[in-house]
Amino acid sequence: MRKTIAIDMDGVLADIENHFINWYERDYGVKVNREDMLGVLESEGFPDKTAVQRFVYTPGFFRTIPVMPGAIEAVKELMETYDVYVVSAATEFPQCLSEKQEWLAEHFPSISWRNIVFCGDKSIINTDYMIDDHCKNLDFFKGKPIMFTAAHNVYKTHHERVDNWNDVMAFFEKEEVPA
(Lines give C-alpha, C1' and ligand atoms only; values in the text may rest on other atoms or scores of the structure.)
Protein backbone atom coordinates (compact mmCIF):
# COMPACT_ATOMS: atom_id res chain seq x y z
CA MET A 1 0.00 0.00 0.00
CA ARG A 2 1.42 3.36 -1.05
CA LYS A 3 1.86 6.10 1.52
CA THR A 4 -0.25 9.22 1.15
CA ILE A 5 0.51 12.93 1.10
CA ALA A 6 -2.00 15.76 1.57
CA ILE A 7 -0.79 19.01 -0.01
CA ASP A 8 -2.37 22.38 0.74
CA MET A 9 -3.09 24.73 -2.16
CA ASP A 10 -2.74 28.34 -1.00
CA GLY A 11 0.76 29.04 0.22
CA VAL A 12 2.10 25.64 -0.84
CA LEU A 13 1.08 24.88 -4.43
CA ALA A 14 -0.19 28.39 -5.15
CA ASP A 15 1.94 31.45 -4.36
CA ILE A 16 -0.84 33.37 -2.62
CA GLU A 17 1.59 35.54 -0.64
CA ASN A 18 3.02 37.17 -3.78
CA HIS A 19 -0.47 37.33 -5.27
CA PHE A 20 -1.67 39.37 -2.27
CA ILE A 21 1.35 41.66 -2.59
CA ASN A 22 0.79 42.15 -6.34
CA TRP A 23 -2.94 42.78 -5.99
CA TYR A 24 -2.32 45.22 -3.17
CA GLU A 25 0.14 47.17 -5.30
CA ARG A 26 -2.27 47.08 -8.25
CA ASP A 27 -5.22 48.39 -6.20
CA TYR A 28 -3.46 50.72 -3.74
CA GLY A 29 -0.29 51.75 -5.56
CA VAL A 30 1.79 50.61 -2.58
CA LYS A 31 4.39 47.84 -2.79
CA VAL A 32 4.40 45.94 0.51
CA ASN A 33 7.66 44.22 1.39
CA ARG A 34 7.52 40.59 2.46
CA GLU A 35 9.72 41.52 5.45
CA ASP A 36 6.88 43.69 6.77
CA MET A 37 4.64 40.62 6.77
CA LEU A 38 6.90 38.36 8.84
CA GLY A 39 5.17 36.70 11.76
CA VAL A 40 1.73 38.25 11.24
CA LEU A 41 -1.47 36.93 9.68
CA GLU A 42 -1.76 37.69 5.99
CA SER A 43 -4.42 40.35 6.58
CA GLU A 44 -2.29 42.15 9.18
CA GLY A 45 0.67 42.52 6.82
CA PHE A 46 -0.94 45.27 4.74
CA PRO A 47 -1.66 48.91 5.63
CA ASP A 48 -5.35 48.39 4.77
CA LYS A 49 -6.28 45.47 7.02
CA THR A 50 -9.44 44.77 4.99
CA ALA A 51 -7.65 44.25 1.66
CA VAL A 52 -6.94 40.53 2.00
CA GLN A 53 -10.55 39.78 2.95
CA ARG A 54 -11.73 41.77 -0.07
CA PHE A 55 -9.29 40.00 -2.40
CA VAL A 56 -10.34 36.47 -1.38
CA TYR A 57 -13.98 37.33 -2.15
CA THR A 58 -13.15 38.92 -5.52
CA PRO A 59 -14.04 36.76 -8.54
CA GLY A 60 -10.89 35.74 -10.37
CA PHE A 61 -8.54 36.05 -7.40
CA PHE A 62 -8.02 32.32 -6.82
CA ARG A 63 -8.07 31.50 -10.52
CA THR A 64 -5.08 33.77 -11.22
CA ILE A 65 -2.70 32.86 -8.37
CA PRO A 66 0.74 31.96 -9.72
CA VAL A 67 2.10 28.46 -9.15
CA MET A 68 4.72 28.14 -6.44
CA PRO A 69 8.15 27.69 -8.08
CA GLY A 70 9.06 24.03 -8.44
CA ALA A 71 5.64 22.72 -7.40
CA ILE A 72 4.54 21.20 -10.71
CA GLU A 73 7.69 19.13 -11.21
CA ALA A 74 7.87 18.08 -7.56
CA VAL A 75 4.26 16.92 -7.41
CA LYS A 76 4.70 14.88 -10.60
CA GLU A 77 7.73 13.20 -9.07
CA LEU A 78 6.00 12.55 -5.73
CA MET A 79 3.06 10.97 -7.57
CA GLU A 80 5.41 8.28 -8.89
CA THR A 81 5.87 6.95 -5.34
CA TYR A 82 3.01 8.33 -3.21
CA ASP A 83 -0.73 8.83 -3.49
CA VAL A 84 -0.99 12.61 -3.55
CA TYR A 85 -4.09 14.54 -2.51
CA VAL A 86 -4.65 18.25 -2.81
CA VAL A 87 -6.47 19.47 0.28
CA SER A 88 -7.91 22.96 0.59
CA ALA A 89 -10.14 24.55 3.20
CA ALA A 90 -11.92 26.09 0.24
CA THR A 91 -15.42 25.96 1.70
CA GLU A 92 -14.47 29.01 3.78
CA PHE A 93 -14.74 30.96 0.51
CA PRO A 94 -17.47 29.16 -1.47
CA GLN A 95 -17.08 31.35 -4.55
CA CYS A 96 -13.54 30.02 -4.99
CA LEU A 97 -14.47 26.34 -5.42
CA SER A 98 -14.80 26.42 -9.20
CA GLU A 99 -11.78 28.71 -9.54
CA LYS A 100 -9.59 26.34 -7.53
CA GLN A 101 -10.84 23.36 -9.52
CA GLU A 102 -10.07 25.16 -12.80
CA TRP A 103 -6.67 26.25 -11.49
CA LEU A 104 -5.77 22.67 -10.56
CA ALA A 105 -6.96 21.35 -13.93
CA GLU A 106 -4.72 23.87 -15.69
CA HIS A 107 -1.58 23.55 -13.59
CA PHE A 108 -1.83 20.00 -12.18
CA PRO A 109 -3.83 18.04 -14.79
CA SER A 110 -2.31 14.73 -13.62
CA ILE A 111 -4.13 15.03 -10.27
CA SER A 112 -7.44 13.23 -10.56
CA TRP A 113 -10.65 14.82 -9.29
CA ARG A 114 -10.72 11.86 -6.89
CA ASN A 115 -7.57 13.24 -5.25
CA ILE A 116 -8.90 16.74 -4.66
CA VAL A 117 -10.47 17.46 -1.27
CA PHE A 118 -12.25 20.75 -0.60
CA CYS A 119 -13.25 20.92 3.05
CA GLY A 120 -13.73 23.30 5.94
CA ASP A 121 -11.73 21.57 8.65
CA LYS A 122 -8.55 19.71 7.72
CA SER A 123 -8.57 17.68 10.95
CA ILE A 124 -10.60 15.10 8.99
CA ILE A 125 -7.64 14.40 6.71
CA ASN A 126 -6.02 11.05 7.42
CA THR A 127 -2.94 10.82 5.20
CA ASP A 128 0.57 9.81 6.19
CA TYR A 129 1.96 13.32 5.57
CA MET A 130 0.49 16.81 5.29
CA ILE A 131 2.32 19.76 3.74
CA ASP A 132 0.66 23.01 4.83
CA ASP A 133 1.64 26.56 5.74
CA HIS A 134 -0.83 26.97 8.62
CA CYS A 135 -0.23 25.52 12.09
CA LYS A 136 -4.00 25.42 12.66
CA ASN A 137 -4.06 22.61 10.07
CA LEU A 138 -0.88 20.87 11.18
CA ASP A 139 -1.27 20.98 14.97
CA PHE A 140 -3.98 18.32 15.10
CA PHE A 141 -2.88 16.28 12.09
CA LYS A 142 -2.44 12.62 13.02
CA GLY A 143 0.27 11.84 10.46
CA LYS A 144 3.60 13.60 9.92
CA PRO A 145 3.08 17.38 9.61
CA ILE A 146 5.40 19.36 7.33
CA MET A 147 5.25 23.16 7.56
CA PHE A 148 5.84 25.01 4.29
CA THR A 149 7.46 28.36 5.06
CA ALA A 150 5.34 31.48 4.61
CA ALA A 151 5.78 34.99 6.00
CA HIS A 152 3.05 34.39 8.60
CA ASN A 153 4.69 31.25 10.05
CA VAL A 154 8.40 32.17 10.11
CA TYR A 155 8.52 32.29 13.92
CA LYS A 156 6.69 28.98 14.44
CA THR A 157 9.09 26.20 15.37
CA HIS A 158 7.02 23.21 16.46
CA HIS A 159 6.76 21.42 13.10
CA GLU A 160 9.36 20.18 10.67
CA ARG A 161 9.87 22.99 8.16
CA VAL A 162 10.51 23.11 4.43
CA ASP A 163 11.26 26.42 2.75
CA ASN A 164 10.46 25.49 -0.85
CA TRP A 165 9.76 22.58 -3.17
CA ASN A 166 13.43 21.59 -3.33
CA ASP A 167 13.29 21.14 0.44
CA VAL A 168 10.10 19.08 0.08
CA MET A 169 11.86 16.72 -2.32
CA ALA A 170 14.91 16.49 -0.04
CA PHE A 171 12.60 15.64 2.88
CA PHE A 172 10.95 12.77 0.99
CA GLU A 173 14.29 11.47 -0.31
CA LYS A 174 15.26 10.95 3.36
CA GLU A 175 12.00 9.21 4.25
CA GLU A 176 11.74 5.46 4.08
CA VAL A 177 10.72 4.43 0.59
CA PRO A 178 7.16 3.06 0.74
CA ALA A 179 6.61 -0.59 -0.05
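Q: In which sense do E5 and strand E6 pair, and over how many bridges?

A: This is a predicted model, in which local features need pLDDT of at least 70, side-chain atom pairs count only at pLDDT 80 or more, and totals for chains, interfaces and linings use all residues. Residues are numbered from 1 along each chain as its sequence is written, and side-chain values use heavy atoms, with hydrogens and water left out. Strands (E, at least two residues) are DSSP runs numbered from the N terminus, and two of them pair if DSSP finds at least two bridges between them. Here E5 and E6 (residues 160–162) pair in the parallel sense over three bridges, with Val162 of E6 as the bridge partner of Phe148.

Q: Which strand pairs with E5 over four bridges?

A: That strand is E4 (residues 129–132), which pairs with E5 in the parallel sense; Ile131 stands opposite Ile146 in E5.

Q: How many residues of E5 are buried?

A: Buried means under 20% relative accessible area, exposed over 50%, and partly exposed in between (1.4 Å probe, protein chains only). Four of the five residues of E5 (residues 144–148) are buried, so the strand is mostly covered.

Q: How many disulfides does the rule give?

A: A disulfide is a covalent bond between the sulfur atoms of two cysteines, counted here as a pair of cysteine sulfur atoms within 2.5 Å. The count comes to zero. The sulfur of Cys96 is too far for a bond, because the closest cysteine sulfur, in Cys119, is 11 Å away. Cys135 is in no disulfide either, the nearest cysteine sulfur, that of Cys119, being 17 Å away.

Q: Are Cys96 and Cys135 buried or exposed?

A: Cys96 is buried, with a relative accessible area of 0%, and Cys135, at 11% relative accessibility, also counts as buried.
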